[in-house]
Amino acid sequence: MSVLVLAEQRQGQFRRAAFETVREGARLAGQLGAPLHVAALGSGIEKSAAALGGYGATKVLVVEGDAYTAYLGEAWAAAAAEVAKRVSARTLLLAATSLGKDLAPQVAARLGAGLVADCVALAVTDGEIEATRPVFAGKARVRVRSAGAPLVLTLRPNVFPAGNPTGPPAAVERVEVPPCPARSRVVGVETAAGRTVDLTEASIIVSGGRGMGGPENYRILEELAREIGAVVGASRASVDAGWRPHSDQVGQTGKTVSPNLYLAVGISGAIQHLAGMRTSKVIVAINKDPEAPIFKVADYGIVGDLFEVVPALTEAVRKRKAAEGAA
Amino acid sequence: MKLVACVKRVPATDTRVRVAADGVSLDPQGVEWIVSPYDEFAVEEAIRIREKLAGSELVVVSLGPAEAAKEIRTCLAMGADRGVLLEDRAAYARDVSSVAEALAGAIREIGPDLALFGRQSVDSDSAGVGPFVAALLGWPVLTFVRKLELGDGLVRGHREIEGATEVVEARLPAVVTAEKGLNEPRYPSLKGIMAAKKKPVDIRPAPPLAPRTRVVALELPPVRPPGKVVGKGKEAVPELLRLLREEAKAL
């Protein structure tokens, strides 16, 4: 009746979402009074897996092999389900990343488990897990419990605190699982130009909407983003206009994000957009229309011409950094 | 080639959510219903394949209340050949596994080469049904696909992952889930709407499956405390920066 966390790595590196998931799994196991197991799949990850000790893992079960160098749903789901069975997992946690969202349902199907996707809070009530997850892109949320089956839960990145690493390195134990004949393979990976952090993982996002007026004007947002370490997002209006790629869209038919800081620039705040960013910790709106709905959810707003305000903000940050650098 | 596209009847994306008296479901009063937008990408892609490959057939499958026949007709008007409605008055009380098991049963019976889904429904947002069905069928799945190519017994998909696009190839039969950007769904033509009236829709009861999860409450998100307008124009920038650094500690 244990809790199993499947920690995600890519190219041998464990990601922050993995640290968040391990930390939350440890907390949950403690509350349930259940043993915690942590597992990882990959090749050449035995060394890096020890770092999960900092987040509450005492031991990491590692499924190693060339078959796990690249992520493939079928093989990974088979291996993950096998590990879950061996440790008698009643609860399986993964990060709700592109990998976790693909893998979790396949593991749940193999285990006869229920799926609770994209959780933003987990609690133990009456001795059982109660998960909170957004629905209608964040316009509402549901609290969900098991109806008697084991649960596979995915945790939204950036929501659960990973904290600073504290514990000693974890022991690493190799686990052998039977190979799974795969009928799919990765034939290529194209890295998006200049983009290493995804919107869903970003801690600061600067989004531009219809008020940007055209694709060329996003330059001022990119400059601001560079100064403050942000990723640039977009509203549906600007994506549908062809100004920005679909992968940049925040909102109901785009991405749902929860950064520490969200700057909405020239975005009026349609209900579908607000749904996708309202769980951001701090929201700033810059818009020339004081009646724009975005100001209702913003913590701080500036009413004004974005073409004046944004460059001024970039300049102010740059000066502050220079002053701090000199001090 | 035989194709299945699975669609869900969902509230329109501009719906204001109100909680029903039962405390666990959406109050349907005044709600407008549509085909879930991501499912439209799946249907459009399937129609394009069917148009390209002579002798193909596209079956649209939906699990929903009797009213979901309307959304199936919309897909038939776009160009699908026939529909299957797995009828369940309590469809919206189902969870991912109980939807996936019902759909997997219907797909197994139809026996397509390719089953397409939207990446997620825009009401329950789990993004789980497509890959769950694939695992039940024992088929490979390509999720979040923005570009799709068919080869000799193969499907190749470009899928977005964090910071990169991954190209994955799978042997048929396979499951694909559609991401925005895959295509631009067509509007049904008048001719299509007329033709859809004559296309068959097989309505049958959905297998009663016990959900593995239960919703104990549907609630509105916590209201954000009212914010403040810092000021007007670029003169307000220094104060905004101070607040972000000292008060919000966000920079």
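Author: Domain bounds come from an automatic or database domain assignment. This is a predicted model. For chain B, the assignment gives domain 1 (2-205) and domain 2 (227-251).

Reader: How far apart are the C-alpha centres of domain 1 and domain 2 of chain B?
Author: They lie 45 Å apart.

Reader: OK, the interface. How many residues does the contact take from chain A and from chain B?
Author: Chain A gives 91 residues and chain B gives 79 residues. In chain A, A:F136, A:R183 and A:Y300 lose the most area to chain B. Together they make up 10% of what that side buries.

Reader: And what do chain A and chain B bury between them?
Author: About 7,200 Å², with 57% of it on carbon and sulfur atoms.

Reader: Charges next. How many salt bridges across the interface of chain A and chain B?
Author: The rule finds nine salt bridges there. One salt bridge joins A:E128 to B:R214. Their closest N and O atoms are 3.1 Å apart.

Reader: How many residue pairs are in polar contact across that interface?
Author: The rule finds 45, with both residues at pLDDT 80 or more. By class, the side of chain A touching chain B has 41 nonpolar, 23 polar and 27 charged residues.

Reader: Switching to strands. In which sense do β13 of chain A and β9 of chain B pair?
Author: Antiparallel, over seven bridges.

Reader: Which residue in β9(B) is the bridge partner of A:T191?
Author: B:A164.

Technical notes:
Residues numbered from 1 in each chain as written. Chains lettered and ligands numbered in written order. Predicted model: local features only at pLDDT ≥ 70, side-chain atom pairs only at ≥ 80, totals over all residues. Heavy atoms only, no water. Contact = heavy atoms within 4.5 Å. Buried area = accessible area lost by both parts, 1.4 Å probe. Salt bridge = Lys/Arg side-chain N within 4 Å of Asp/Glu carboxyl O. Polar contact = N/O pair within 3.5 Å; in protein donor to acceptor, adjacent residues only side chain to side chain. Nonpolar A, V, L, I, M, F, W, Y, C, P; charged D, E, K, R; others polar. Pairing = 2+ DSSP bridges. Helix = DSSP H or I, 4+ residues; strand = E, 2+ residues; numbered from the N terminus.
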